[in-house]
Amino acid sequence: MQKLVYSVWVPQKRGYDYYEAAGSLRAGVIAPNPRIRASSPLGATIDEASRRLPAGAKYVGSGELARGMIASRNSGALGAFPDVGAIPLWAIALGIGAFFYLKKRRR
């Protein structure tokens with residue numbers, strides 16, 4: 001079995017970390033497109049539009065340009081932050097109401 005190379009964008013480095021994982025692709029076959037997990041009217045981030053880094057992938061280096069397939073370590077667009085679409089509407093309304101209530105009390 002051959003090793004596949006994955007590139008993961010690291011904003012702090014302004015470059016990619018490279019990983020290798022066991023896998024196989026036949027010559028001339030294009031890997032299937034990843035399913036985009038989330039999107040906004042402006043488009044998808046690299047984490048939303050990329051494949052997940054396979055479990056057991058081993059770090060093999062880093063560089064300025066991507067090699068192999070683009071992958072992501074994150075679970076969402078903002079990593080540990082919740083997706084705004086996942087917050088219930090009542091919680092958003094409550095937060096806005098509390099903001100204006102406290103603003104009015106300070107006068």
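These legends describe close-up views of one predicted model.

Residues are numbered from 1 along each chain as its sequence is written, and side-chain values use heavy atoms, with hydrogens and water left out.

View 1. The order is 3-5-1-2-4, and the pairing is mixed. Strand 3 (51-52) and strand 4 (58-63) are the edge strands, each pairing on one side only. Strands (E, at least two residues) and helices (H or I, at least four) are DSSP runs, numbered from the N terminus. Two strands pair if DSSP finds at least two bridges between them. In a regular strand, side chains alternate between the two faces of the sheet.

**View 2. Strand 1 pairs with strand 2 and with strand 5.** Strand 1 (residues 2-10) and strand 2 (residues 15-23) run antiparallel, joined by 9 bridges. Here Trp9 has Tyr16 of strand 2 as its bridge partner. Strand 5 (residues 69-72) runs parallel to strand 1, with 3 bridges between them. Val8 has Ala71 of strand 5 as its bridge partner. Tyr6 is partnered by Met69, also in strand 5.

**View 3. Arg14 sits in the turn of a hairpin.** Strand 1 and strand 2 form this hairpin, with 4 residues between them. Arg14 lies in the loop between the two strands. Its phi is near 55°, a positive value in a residue other than glycine. Arg14 is exposed, at a relative accessible area of 70%. The classes are buried (under 20%), exposed (over 50%) and partly exposed in between, with a 1.4 Å probe and protein chains only.

**View 4. A nonpolar patch lies on the surface.** Leu89, Ile92, Ile96, Phe99 and Phe100 form the patch, with about 520 Å² of accessible area together. Areas come from the Shrake-Rupley method with a 1.4 Å probe. Patch residues have over 30% relative accessible area and no salt bridge; nonpolar side chains are joined within 5 Å, like charges within 9 Å. A salt bridge is a Lys or Arg side-chain nitrogen within 4 Å of an Asp or Glu carboxyl oxygen. Ile96 belongs to helix 2 (residues 89-105). Ile96 is partly exposed, at 46% relative accessible area.

View 5. Over residues 76-83 the pLDDT is below 50. Beyond near neighbours in sequence, this stretch has 5 contacts in the model (heavy atoms within 4.5 Å).

Methods: This is a predicted model: local features need pLDDT of at least 70, side-chain atom pairs count only at pLDDT 80 or more; totals for chains, interfaces and linings use all residues. pLDDT is the predictor's confidence in each residue, from 0 to 100.
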